[in-house]
Amino acid sequence: MAETLKQYDAVITTCKELFTNKMKDYGSAWRILRLPSLTDQIFIKAQRIRGLQQNTEQKVDEDEVSEFIGIINYSIMALIQLQKGIVEQPDLSLEEAIQLYDEQVAITRQLMINKNHDYGEAWRDMRVSSLTDLILQKLLRVKQIENNKGKTLVSEGIDANYQDMINYSIFAMIHLEEYNKN
């Protein structure tokens with residue numbers, strides 16, 4: 001588990017660096033995005049990853065890693081939107097946005113620790129393509145919950161699905177990094 005935490009934190013460092021740099025470039029313009037818009041952005045990224053995994057020809061020079069980073073960062077933004085609500089104008093300083101980012105990462109990281117305890121790091125035996133499919137399944141669930149105006153009868157809420165997508169994306173990035181080392 002110690003190795004997983006080290007790898008997890010390294011992926012988050014990469015994602016947070018990009019988030020921070022984009023905040024410096026664009027400010028918190030993303031704060032105006034409604035949850036379905038963020039869900040759709042994540043869906044586009046996941047579909048692109050699946051396409052990269054299935055297609056032999058690639059016409060845009062981006063790899064799976066950059067798309068998984070996008071899924072992680074958009075999911076964290078969605079969790080922040082769930083917590084703070086949507087605004088009409090950007091309202092967060094860089095420092096506030098990073099603090100909220102770190103809070104959501106801490107909650108999601110703890111969820112990963114708890115699930116890894118219960119599941120015995122089963123994700124290590126999974127394929128990246130399976131993790132991609134699970135992300136797409138979570139996205140379809142989120143879309144359905146959004147269509148139901150956030151109501152569920154027996155299922156976990158939207159936040160749990162975003163957290164799972166973050167963790168699946170981090171696991172996929174760890175797999176890809178290990179594959180590239182070998």
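This is a predicted model: local features need pLDDT of at least 70, side-chain atom pairs count only at pLDDT 80 or more; totals for chains, interfaces and linings use all residues.
I started with Asp 9, which is partly exposed, with a relative accessible area of 32%.

Next I looked for the partner of Asp 9. Its side chain meets that of Arg 109 in a salt bridge, 2.8 Å from N to O. This pair ties together distant parts of the chain, with Asp 9 in helix H1 (residues 2-26) and Arg 109 in helix H4, 100 residues apart. I checked Arg 109 as well: at a relative accessible area of 23%, Arg 109 is partly exposed.

How many salt bridges does the structure hold? I got 12, and picked out a few to follow up.

Entry on Glu 67 and Lys 45. Their side chains form a salt bridge at 3.3 Å, N to O. Glu 67 sits in helix H3 (residues 64-84) and Lys 45 in helix H2 (residues 35-54), so I have another link between distant parts of the chain, 22 residues apart. Is Glu 67 buried or exposed? Glu 67 has 3% relative accessibility, and the cut-off for buried is under 20%, so Glu 67 counts as buried. Lys 45, at 21%, comes out as partly exposed.

Entry on Arg 124 and Glu 178. I found their side chains in a salt bridge at 3.2 Å, N to O. Arg 124 is in the loop between H4 and helix H5 (128-147), while Glu 178 is in helix H6, and the two are 54 residues apart. Both ends are partly exposed: Arg 124 has a relative accessible area of 25%, and Glu 178 has 27% relative accessibility. I also noted a network in which Lys 115, Lys 138, Glu 156 and Asp 164 are joined by salt bridges that share partners.

Then I turned to the helix pair. The axes of H4 (residues 94-119) and H6 come within 10 Å and cross at roughly 70°. Because 65 to 115 degrees is the range for it, I can call H4 roughly perpendicular to H6. On the H4 side, the contact is made by Ile 107, Thr 108, Leu 111, Met 112, Lys 115 and Asn 116, and on the H6 side by Gln 163, Asp 164, Ile 166, Asn 167 and Phe 171. By class I have five nonpolar, four polar and two charged residues there.

Last entry, Gln 163. It lies in helix H6 (residues 158-181). What does Gln 163 touch, not counting residues up to four places away in sequence? I listed Leu 79, Ile 107, Thr 108 and Leu 111. Gln 163 has 10% relative accessibility, so I logged it as buried.

Definitions and conventions. Residues are numbered from 1 along each chain as its sequence is written. Side-chain values use heavy atoms; hydrogens and water are left out. Helices (H or I, at least four residues) and strands (E, at least two) are DSSP runs, numbered from the N terminus. Buried means under 20% relative accessible area, exposed over 50%, partly exposed in between (1.4 Å probe, protein chains only). Contact means heavy atoms within 4.5 Å. Axes are lines fitted to C-alpha atoms, for helices over the stretch in contact, and angles run from 0 to 180 degrees between N-to-C directions. Angles under 35 degrees count as roughly parallel, over 145 as roughly antiparallel, 65 to 115 as roughly perpendicular and the rest as oblique. Ala, Val, Leu, Ile, Met, Phe, Trp, Tyr, Cys and Pro count as nonpolar, Asp, Glu, Lys and Arg as charged, and the others, Gly among them, as polar. A salt bridge is a side-chain nitrogen of Lys or Arg within 4 Å of a carboxyl oxygen of Asp or Glu.
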